[in-house]
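User: Please walk me through the labels used for this model. I want each one set against its cut-off.

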Amino acid sequence: MAKIDETVMRETRYIAAVTIILSFIMESVFLIIGLWNYRVLLGNILGGTIAVVNFLLMGITVQKAVQKDEKVAATLMKLSQTLRNMMLLIAAVLAIVLPFINPVAAIIPLFFPRIAIALIPLRDRKINNGKENSNG
């Protein structure tokens, strides 16, 4: 197996960090509204883990796809998306079926990577402002 590119690892760490922060916020909301129990925690762990793994797998697929010709890369990306969507669907079904998992707490974290991706411009602007300030 080829080494995972540092960019893929860096962005996955970022997604994981934001997922953890948002998970704490979600847990806090459950606690504040009086609905927190161990099922919420287990659901959050399941959903958050699946979300981060899904992002990592996407990054690895992109890393492999850029080394292929355009047609093979497109096929590889489509296959990866299908398999990752199946993984998300299985996680959602497990969250609903398993009695020791809160389905809401398991499904909400699946959206955390999208929120993290939406925040990337803010992160990059902060990083770029820091570089400009240190240079100038």
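The questions below take the labels one at a time.

User: What kind of model is this, and how are residues numbered?

Analyst: This is a predicted model, where local features need pLDDT of at least 70, side-chain atom pairs count only at pLDDT 80 or more, and totals for chains, interfaces and linings use all residues. Residues are numbered from 1 along each chain as its sequence is written, and side-chain values use heavy atoms, with hydrogens and water left out.

User: Why is helix 2 called roughly antiparallel to helix 3?

Analyst: Helix 2 (residues 38–65) and helix 3 (residues 70–97) pack at about 175°. That angle makes helix 2 roughly antiparallel to helix 3. The classes are: under 35 degrees roughly parallel, over 145 roughly antiparallel, 65 to 115 roughly perpendicular, the rest oblique. The axes are 10 Å apart. Axes are lines fitted to C-alpha atoms, for helices over the stretch in contact, and angles run from 0 to 180 degrees between N-to-C directions.

User: Which residues of helix 2 and helix 3 meet, and of what class are they?

Analyst: From helix 2, the residues include L46, I50, N54 and L57. From helix 3, they include M87, L88, A91 and A95. Contact means heavy atoms within 4.5 Å. By class, this contact has 13 nonpolar, three polar and two charged residues. Here Ala, Val, Leu, Ile, Met, Phe, Trp, Tyr, Cys and Pro count as nonpolar, Asp, Glu, Lys and Arg as charged, and the others, Gly among them, as polar.

User: Why does I50 count as buried?

Analyst: I50 has 17% relative accessibility, so I50 counts as buried. Buried means under 20% relative accessible area, exposed over 50%, partly exposed in between (1.4 Å probe, protein chains only). I50 lies in helix 2. Leaving out residues up to four places away in sequence, I50 touches M87, L88, A91 and L110.

User: What makes T12 buried?

Analyst: T12 is at 7% relative accessibility, so T12 counts as buried. T12 lies in helix 1 (residues 6–32). Residues up to four places away aside, T12 touches V52, F55 and L56.

User: Why do F30 and N102 count as buried?

Analyst: F30 is at 9% relative accessibility, so F30 counts as buried. N102 is at 13%, so N102 counts as buried too. F30 is in helix 1, while N102 is in the loop between helix 3 and helix 4 (103–107). Neighbours within four places aside, the contacts of N102 are F30, R39, V40 and G43. By that count F30 is in contact with L35, W36, V40, N102, V104 and A105. For the chain of 136 residues, 31% count as buried.

User: How do you know that the charged end of R123 sits over the ring of Y14?

Analyst: The charged end of R123 is 4.4 Å from the centre of the Y14 ring. A charge sits over a ring if NZ of Lys or CZ of Arg is within 6 Å of the ring centre and within 35 degrees of the ring normal. R123 is assigned over the ring of Y14 on that definition.

Conventions
Helix = DSSP H or I, 4+ residues; strand = E, 2+ residues; numbered from the N terminus.
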